[in-house]
Structure formats: structure tokens, C-alpha cells
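Work through the exercises below with the sequence and the model open. Each task is followed by a solution in steps.

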Amino acid sequence: MSFFDGLDPNEDDDFNVIPLFMTRVLPATRASAPTIAEAAELIRAGEVVAFPTETVYGLGADGLNEKAVAKIFKAKGRPQDNPLILHIANLAMLDPLVTYVNPLHKAAFARLWPGPITFIFEKSDLVPDAVTAGGPTVAIRMPVNEVARSLIAQADTPIAAPSANRSGRPSPTTAYDVLEDMQGRIPLILDGGACDIGVESTVLDLTEPIPTILRPGFYPLSMLNNYFPGVRLDPALEYQNLSALESPEAARHSKRDPKQAPPKSPGMKYRHYAPKALVTIYAGEDTKVLKRMVEDFHLREAMDKKVGFMVFNQGAQYLRDTLPAKNTEIRSMGNGTFIDTMGQRIFRLMRELDRAKCDEIFVMGIRPQGYGVAIMNRLMKSAGGNIIHVS
Ligand code: TXA
Ligand code: MG
């Protein structure tokens, strides 16, 4: 294996000229794993280390060290105006990072943390501008993954960490996915196995008069409403939900004009989670969607294009029985009734279908309800809004 494996030779940044690191991958599935101490040492020394969390793998550095944080942006190729999440190991680490904690929210933090949710606060002077992209607020999360928390505790500093993918790519949910994007760019990846959830944390802004979800995640709105009465989705996300439900024309003509509702979370404006293959979402009744996918496949087949399919168990069986083996890659996202499995697999399968050299990916969509809001949000981003409503 060469240093350059997994790196995109067409991108002209420094790392393709001279890789800076011989990236090591070390196992860490328990809080007590000795490899975590080594990773914590690197963090303390101002280096960048990838580590598992319950959502996706993170690319971590000392969140109080401006130079270390700058290395994250470099390794990821991330735009400088997109702020990072600070990860903490316990509630005592919160206070020094923020100016104010609403006493009414304390019970919620105790119940929802550690967990797959990030809260936005007014930042204290301790937090460097590099973390917040110069803004007055800071995003904070306490992950439930025990390797992540052990790493933060041993490094004894809040760890700034975006998802450990190259900017724009699908988030990594295995150490292999991280290696694919970060080989030669960072010294160490802690391998904690596949991530339990597979979709990034909810981002909930508590600095607004109305608590606002800037990025949907594992916890549905209805559940968060118990802790933050009146919590709402950012209007840009409402619009996206609508276009996932209806035809894009209908959404465009509705009152919810996206131009009047620019995304508030800076990260939400970039093309995101995108595999190399072109992604199309098919929404509608299962049997009709599958029939349409088969028709569309034959159009691609005529041009000798390879298509990857992301459908549910029964659909995968149907496609295997119906389609030729040549030019097809068929993957299941689970049984379709328990969408947690779909969440676990969406990013991993997109990466897998890229490796299988698919030109296009056809994905079965779901209704944007409950956790489905978050899953459809990621799919809509991966597809650049490319959705076909089959009726
Ligand atoms: O699950 C996760 O959150 C993972 C794991 C590693 O913890 N991290 C993650 O980080 O997804 P990242 O950088 O890929 O996404 C963070 C999101 C971005 O959309 C960013 O714009 C937003 O949070 N964000 C960060 N700080 C913010 C702030 N102060 N105000 C508004 N949005 C913020
Ligand atoms: Mg990300």
C-alpha cells in the first residue's frame, strides 16, 4: 500500500505532493485501551488524531490550541468559515467554555448527555476564534462512545472535532473510511469498529429565543420538545422536508422560499456527504419506485453505466431477481421498518458503491418523519436535492 492510496490525485493540495505522516491505525474498543493514552499524548502535543464516536468518526485536536485546530482545517480541506464542535467528557468541562447556561436547560443536559446531540452556547474568551470561525457562539457535545470520552479525559482538554472525512465527502463510520480520506494527512486513527448511529449529531441552537434545530439528528423533534418546549426546525430544513415530500415544483412555489431562509448552521450551505457517483433519491410507494428504478437502470445500461442501488431487504431481492449482474451493485439498508439500520448504513454504502466504481447511485427515500428527517436531510444533501417523486 502506498502513501497515496485513497487520496484523490486530481486535487492539488500539499498532501499529494509530500504526505506528512505515515498514518497508523490502532485498535481501541474500550475506555481502558492503552492505545488511547498514545492518542491523548498526540492531542496534547498539538497533533490531529481520528477517533470513533457513536455518530461518526471525528478528526480531533486540542480545542484550546489555535495552531492544533488549524491543522484540522488543513487535513480536511475545510472552509475556514465553518466552525467546529468542542467535545467534552463531563459536565464540569462545560462552564469554562460558555458565558451562560440557562438553569432551565440543566435537566435536559443531564438526560441527553452523553449522547448524539450538540448544543450551541455563547462562547467564553477561553475558546479560540479558530474553533468558532470568529463567531460569538460555540457548539459543544459530550459523546456517549466510551473511547471518545476516555480520549478527552486523558487529553484533559476539550477536543475540537469535525467528522473525519475530506470536506464534502460522506462522513466516515469505520476506521477504514477515515483511512481512505486521511492517509498521509494525520499520524493516528483509533479504530473502535463501526459507529452505532452513523448519522452526525443533532445541532440545537440555544442562543435563540426559540430553541432551533440547525442540523437534525438521531433524536426526533417530538422527543426534544419534551426538554425544550416549542423547539423548531430551522426554516431551511422545513423547506427541505417539504421538497422531500412533494415535487420540487410544489416546494418552490410554496411560501417557504429557501432564499428567504438561508441555513444558519454554516456547514449546511456546502455540498455535503457526496460520493463521487451521482445520487438520485426515489420517493413514493415501494413497488412503484422499484419498477421506476429498473426502467431508469436500463437507460443507463444502454450507455454502459454502472448503477449502485440502496434499497430495503425485499427490494434488494426483487432487484437481484430482475436485473443483470453486470453493471449493477445492489445493497440493502435493512428491513425498512426499523430505520436505525438505514442510518447506520447510508454513508458506508455510498463509500462502498464508490469503491465499486458505480457511475450513479439510486436510493430509496423515506418519509421525513421522526428520525427520518435526519436521514432524508443527509440523503438530500448527498443527492444535491436530486429527488424523483414516483406516482
Ligand atoms: O456527530 C457529530 O457531530 C460529529 C462527531 C465527530 O461528533 N461531528 C460533526 O462535526 O459532524 P462537523 O464539523 O462535521 O459538523 C458540525 C456542524 C456543522 O454543520 C457546523 O457548521 C455546525 O455544526 N456548527 C459548529 N459550530 C457552530 C456554531 N457555533 N453555530 C452554528 N453551527 C455550528
Ligand atoms: Mg461533517
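Helices (H or I, at least four residues) and strands (E, at least two) are DSSP runs, numbered from the N terminus. This is a predicted model, in which local features need pLDDT of at least 70 and side-chain atom pairs count only at pLDDT 80 or more, while totals for chains, interfaces and linings use all residues. Residues are numbered from 1 along each chain as its sequence is written, chains are lettered from A and ligands numbered from 1 in the order in which they are written, and side-chain values use heavy atoms, with hydrogens and water left out.

**Exercise 1.** Is serine 332 buried or exposed, and which residues does serine 332 touch?

Solution. 
1. Serine 332 has its place in strand 14.
2. Its relative accessible area is 17%, so serine 332 is buried.
3. Contact means heavy atoms within 4.5 Å. Not counting residues up to four places away in sequence, serine 332 touches Val311, Phe312, Asn313, Ala316, Arg345 and Leu349.
4. Leucine 349 is 17 residues from serine 332 in sequence, and the two lie 8.8 Å apart, C-alpha to C-alpha.
5. A polar contact is a pair of N or O atoms within 3.5 Å; within protein, one must be able to donate a hydrogen and the other to accept it, and residues adjacent in sequence count only if both atoms are side-chain atoms. The side chains of serine 332 and asparagine 313 make such a contact, at 2.5 Å.

**Exercise 2.** Classify the aromatic pairs that phenylalanine 109 forms with tryptophan 113 and with phenylalanine 119.

Solution. 
1. Rings of Phe, Tyr and Trp (its six-membered ring) pair if their centres lie within 6.5 Å; planes under 30 degrees apart count as stacked, over 60 as edge-to-face and the rest as tilted. The structure holds eleven aromatic pairs.
2. For phenylalanine 109 and tryptophan 113, the centres are 5.4 Å apart and the planes are at 25°, so this pair is stacked.
3. For phenylalanine 109 and phenylalanine 119, the centres are 4.9 Å apart with 55° between the planes, and the pair is tilted.
4. This second pair links distant parts of the chain, with phenylalanine 109 in helix 3 (residues 106-112) and phenylalanine 119 in strand 5 (residues 117-122).
5. Phenylalanine 109 and tryptophan 113 are buried, and phenylalanine 119 is buried too.
6. Phe109, Trp113, Phe119, Phe121 and Phe228 form one aromatic cluster.

Key: Buried < 20%, exposed > 50% of the residue type's maximum accessible area, 1.4 Å probe, protein only.
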